[in-house]
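Me: I have a model to go through with you. I want each label set against its definition.

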Amino acid sequence: MKKTALIVSGLAALLVAWEYGVGFAGVPEYLLPKPSVVVSKFADTLGVQMTELGVTAATTLLGLALALGTGILLALVVTYIEPLRAIFLPIFAAFNGIPKIAVAPLLVTWFGLGAEPKVLLAFLLGFFPLFVNAATGLAEIEPDILDLARLSGGTELRLFYKVRLMHALPYLVDALKVAFPLALAGSIVGEFIGGNRGVGYLILSGQFNLDTPLVFASLLSITLFTTAGMGVLILFENLFLGWRPSRRRI
């Protein structure tokens with residue numbers, strides 16, 4: 001509780017300093033608007049913000065779902081066919097090292113200005129952490145636990161559901177906490193490169209028109225969406241992963 005109060009107090013102090021510091025220093029609005037101006041712009045453009053955020057959220061969540069499904073599937077493959085791990089992991093790690101913003105123009109060239117490049121960018125950015133964590137969670141189990149489960153009459157299918165999947169769930173949730181903002185960034189980068197929908201396009205519109213309050217209002221929308229996504233993951237953790245040591249200490 002003390003920690004929360006400290007964070008809220010610090011944030012409030014920062015906003016007050018920003019509000020009055022900008023006016024005191026005579027910084028023009030097109031460079032750095034006051035927080036009150038940003039909030040006012042956000043309220044004025046709320047309908048547009050929510051519509052465009054909905055477009056960005058759709059491509060982000062679709063890309064993330066693809067990354068999650070593909071990551072788990074390939075993690076299962078390298079778990080049950082172990083020699084493939086030595087092949088897949090270096091390839092994916094090398095591809096992950098490529099800046100995705102460099103790939104974005106290619107995706108726009110191949111798939112046009114629709115939703116496809118944004119979904120693919122979200123997928124590419126979210127895939128690697130999900131694959132690595134799923135592979136670790138499914139494979140890194142104490143052999144004694146697996147042996148005990150087999151001695152208790154567990155089939156491979158029951159072993160998967162009752163032991164491997166349960167062991168992998170915390171790893172997947174942690175990976176989603178990383179992959180979700182990455183997928184969102186991928187979707188927005190796609191909107192920067194091409195297209196006329198989404199929060200990324202709204203930010204570009206604000207930049208071109210020197211409407212900096214609109215840019216900040218759009219960033220506020222993104223922050224609220226990211227916070228909501230993280231909140232859902234934490235709620236899932238509290239509801240279904242209460243047995244985790246980190247949850248038990250709360």
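Me: What makes the lining of the largest pocket nonpolar, polar or charged, and how do its residues divide?

Reply: The lining of the largest pocket has 14 nonpolar residues, 1 polar and no charged. Ala, Val, Leu, Ile, Met, Phe, Trp, Tyr, Cys and Pro count as nonpolar, Asp, Glu, Lys and Arg as charged, and the others, Gly among them, as polar. This is a predicted model, where local features need pLDDT of at least 70, side-chain atom pairs count only at pLDDT 80 or more, and totals for chains, interfaces and linings use all residues. Residues are numbered from 1 along each chain as its sequence is written, and side-chain values use heavy atoms, leaving out hydrogens and water.

Me: Why is this called a pocket?

Reply: Because a pocket is an open set of points on a 1 Å grid over the protein atoms alone, with protein on both sides within 12 Å along at least five of seven lines; a cavity is a set where a 1.4 Å probe fits but cannot get out. The largest pocket has a volume of about 320 Å³, a volume being the space filled by probe spheres set on the points, which are joined across faces, edges and corners.

Me: What makes a residue part of the lining, and which lie nearest the centre of the largest pocket?

Reply: A lining residue has an atom within 4 Å of a point. The largest pocket has 15 of them, with Leu64, Leu176, Gly229, Val232 and Leu233 nearest its centre. Helices H3 (46-80), H8 (156-193) and H10 (212-240) each give two or more residues to this lining. Helices here are DSSP runs (H or I, at least four residues; strands are E, at least two), numbered from the N terminus.

Me: Which helix gives the largest share to the lining of the second largest pocket?

Reply: H10, with 4 residues. That pocket has a volume of about 190 Å³. Its lining includes Trp18, Pro35 and Phe216, and divides into 8 nonpolar, 1 polar and no charged.

Me: How do H3 and H8 pack?

Reply: At an angle of about 140°, with axes 8 Å apart. Axes are lines fitted to C-alpha atoms, for helices over the stretch in contact, and angles run from 0 to 180 degrees between N-to-C directions. Their contact (heavy atoms within 4.5 Å) includes Leu64 and Leu68 of H3 and Leu172 and Leu176 of H8. By class it has 14 nonpolar, 5 polar and 3 charged residues.

Me: What is the confidence in the chain?

Reply: pLDDT is the predictor's confidence in each residue, from 0 to 100. The chain averages 88, and 98% of the residues score at least 70.
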